[in-house]
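Student: I am new to this structure and would like to learn how to read it. Could we go through it together?

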Amino acid sequence: AAAYYEKAAIEYKNNKKWVKYLLVTFYRGEILYSKSDKNTEAIDWLLNNLNQVPKQDTSIEVLSKKTDIFLSVAQSYRNLGKYREAITYFDKALLFTKYSKKERTEAAITGKAVTYWFLGDYEKALIFQKDALNILQNY
C-alpha cells in the first residue's frame, strides 16, 4: 500500500492537485508511523511532501490536510520519545484546526496532554485533558 500512495503522490504533485497530494501523503505517513521502526521515515516523508505544497494555496481543504499531517508528525515524534518536538507539532496542528473538524482540535489537545504526561508534567497534562474534555462535551 505504501508504494501505491508514493506513486499517487507523485502523480498528484505533477498535476498540482494539492488536496489529493496531501491526502495520499498523509495515508503513506500513517502506514509508516504505524510501524515502530519507521517513525523517522514517516516524519521525513510527511514534512518533505508538505513543503512541496505552494504556500499561497490557502484553500480550506489544503489547510485541513495540513492539520492531519502535523498530527501524524507529532505522534511520530512522541513514539520516538522526542516529546518537545511532538509538542511543537501538536501546536502547529492547533494553528490549523480551525479549518478542520472539532475532532482534530480535540486530538491535538489530547496529544499534548499525553505528551506532557510522558514528560512527567502532570499539571499541564491535566489542564490540556480538561480542555479536550470541554471540546468533546460542547461538540
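Tutor: Gladly! Let's start with a definition: buried means under 20% relative accessible area, exposed over 50%, and partly exposed in between (1.4 Å probe, protein chains only). This is a predicted model, where local features need pLDDT of at least 70, side-chain atom pairs count only at pLDDT 80 or more, and totals for chains, interfaces and linings use all residues. Residues are numbered from 1 along each chain as its sequence is written, and side-chain values use heavy atoms, leaving out hydrogens and water.

Student: Is Ile60 buried, exposed or partly exposed, and why?

Tutor: Ile60 is partly exposed because its relative accessible area is 48%. Ile60 lies in helix 4 (residues 60-79); helices are DSSP runs of H or I, at least four residues, numbered from the N terminus.

Student: How far apart are Ile60 and Lys98 in sequence and in space?

Tutor: They are 38 residues apart in sequence, and their C-alpha atoms are 9.5 Å apart in space.

Student: How do I read the span of a helix?

Tutor: The expected span is 1.5 Å times one less than the number of residues. Helix 6 has 18 residues and reaches 26 Å from first C-alpha to last, close to the 26 Å expected.

Student: Which residues of helix 6 are buried?

Tutor: They are Thr105, Glu106, Ala108, Ile109, Thr110, Gly111, Lys112, Ala113, Thr115 and Tyr116. Phe118 also lies in helix 6 (residues 102-119), but Phe118 counts as partly exposed because its relative accessibility is 45%.

Student: What follows helix 6?

Tutor: Gly120 does, with a positive phi near 85°.

Definitions and conventions
Helices (H or I, at least four residues) and strands (E, at least two) are DSSP runs, numbered from the N terminus.
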